[in-house]
Amino acid sequence: MDEIRLKALAKINLGLDVTGCREDGYHLVRMIMQTVHLFDSIQMVKTENPGIQLTTNMRFLPADEHNLAYKAAKIIMEEFAVTQGIRIHIRKCIPVAAGLAGGSTDAAAVLYGMNQLFALKLTAKELAQRGLTIGADVPYCLMRGTALAEGIGEKLTRLPAVPRCPVVIAKPGISVSTAWVYQHLVLDAQTQHPDINSLLKDIRKGDLQQMASHMGNLLEDVTIKEYPVIAQIKDFLNRHGALNALMSGSGPTVFALFEQLEDARSAADALRESGLAKQIYVTTLFNV
Ligand code: ATP
């Protein structure tokens, strides 16, 4: 095999709680991760000349070791002393610095692709171990589907699939640094934590309405204080028929779950007209 084409899928967080902080500064989390059918397209081609050539359709994205996809290819090439080279093209569709794990999912796809192209026979667990050295969300991006992520995000428990309902994904015209959000998070006795346990019960029962009502993200307080447009988008989507709307990850992207595709489409159209969000997609949850 000399070439492979992959879809690197985005994630949303149906629930996100932070329970503490490790001595090394990493936060301890309890997150419900969910893959959505919004993806970057990745093409990987083996070359006779050694080295990594990375291109993307976004001029502002790094094309060197600062790109997580490049890092993923490099880790594998060095460890397995690969003598051939690799050409990678990423066509980005997932909004960048948005709380959708765009970089992590590209890295996961490249790890997967390197394993296939160079017939390395790494198991899923072995790929996840290498993914964790790139970022805490990479093991989940390799796993996909619905999962509980604990520890720093790397302890994964597969959950039953959530019904493949329509979802509107809306990013306002701002970018948020994950590091900034965590730096400004204050955990004390007054902190209102989302009810992750109820969310887990609803998912295990397959109860979409209840699940939507228990969705919560502790980081909303931090990001919304700085960018109130996030709360405006949430309110807008809730007033336009969503089961519920929530910020994903550290933001600023908001997602909203719907029961009917037509309702999701008309809410997205109305949101476009409002001018509150810059990038708006209508898609569905993705199950493995
Ligand atoms: P998370 O949800 O994991 O916090 P995010 O969606 O907020 O991630 P990314 O889209 O992964 O954020 O981008 C964060 C930063 O990572 C950007 O500033 C970007 O320059 C850098 N980056 C490195 N590689 C990539 C990539 N392949 N795609 C997008 N961004 C990348």
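**View 1. The lining of the largest pocket.** The largest pocket is lined by 40 residues, and those nearest its centre are Leu68, Ala101, Ser104, Asp137 and Thr178. This is a predicted model, in which local features need pLDDT of at least 70 and side-chain atom pairs count only at pLDDT 80 or more, while totals for chains, interfaces and linings use all residues. Residues are numbered from 1 along each chain as its sequence is written, and side-chain values use heavy atoms, with hydrogens and water left out. A pocket here is an open set of points on a 1 Å grid over the protein atoms alone, with protein on both sides within 12 Å along at least five of seven lines; a cavity is a set where a 1.4 Å probe fits but cannot get out, and lining residues have an atom within 4 Å of a point.

View 2. The largest pocket holds about 1100 Å³ of space (the volume filled by probe spheres set on grid points joined across faces, edges and corners). Helix 2 gives the largest share of this pocket's lining, 4 residues. At least two lining residues each come from strand 1 (3-21), strand 2 (27-47), helix 2 and helix 5 (178-183) (DSSP runs numbered from the N terminus: helices are H or I with at least four residues, strands E with at least two). By class, the pocket lining splits into 21 nonpolar, 14 polar and 5 charged residues (Ala, Val, Leu, Ile, Met, Phe, Trp, Tyr, Cys and Pro are nonpolar, Asp, Glu, Lys and Arg charged, and the others, Gly among them, polar).

**View 3. The ligand and its shell.** The ligand takes up the space of the largest pocket (more than half of its atoms lie within 2 Å of the grid points). Around the ligand are 18 residues, with Asn67, Lys92, Gly103, Asp106 and Thr178 the closest (a residue counts if one of its heavy atoms lies within 4 Å). Helix 2 (residues 102-117) contributes the largest share of this shell, 3 residues. The shell has 8 nonpolar, 6 polar and 4 charged residues.

View 4. A ligand nitrogen lies 3.0 Å from a polar backbone atom of Leu68. A ligand oxygen is 3.0 Å from a polar backbone atom of Ala97, and for Leu100 there is again an oxygen of the ligand 3.0 Å from a polar backbone atom. On its own the ligand exposes 610 Å², and the protein buries 78% of that (Shrake-Rupley areas with a 1.4 Å probe).

View 5. Ala97 isn't a glycine, yet its phi is positive, at about 50°. Ala97 belongs to the loop between strand 4 (85-91) and helix 2.

View 6. The structure has 1 cavity of 30 Å³ or more. The volume of the largest cavity is about 40 Å³, and its lining consists of Leu9, Ala10, Lys11, Thr35, Thr105, Tyr140, Cys141 and Arg144. Strand 1 and helix 4 (138-143) each give two or more of these residues, with strand 1 supplying the largest share, 3 residues. The cavity lining divides into 4 nonpolar, 2 polar and 2 charged residues.

View 7. The peptide bond from Gly251 to Pro252 is cis, with omega near 5°. Pro252 is in the loop between strand 9 (244-247) and strand 10 (254-257). Most residues other than glycine have a negative phi, and most peptide bonds are trans.

Note on methods:
Polar contact = N/O pair within 3.5 Å; in protein donor to acceptor, adjacent residues only side chain to side chain.
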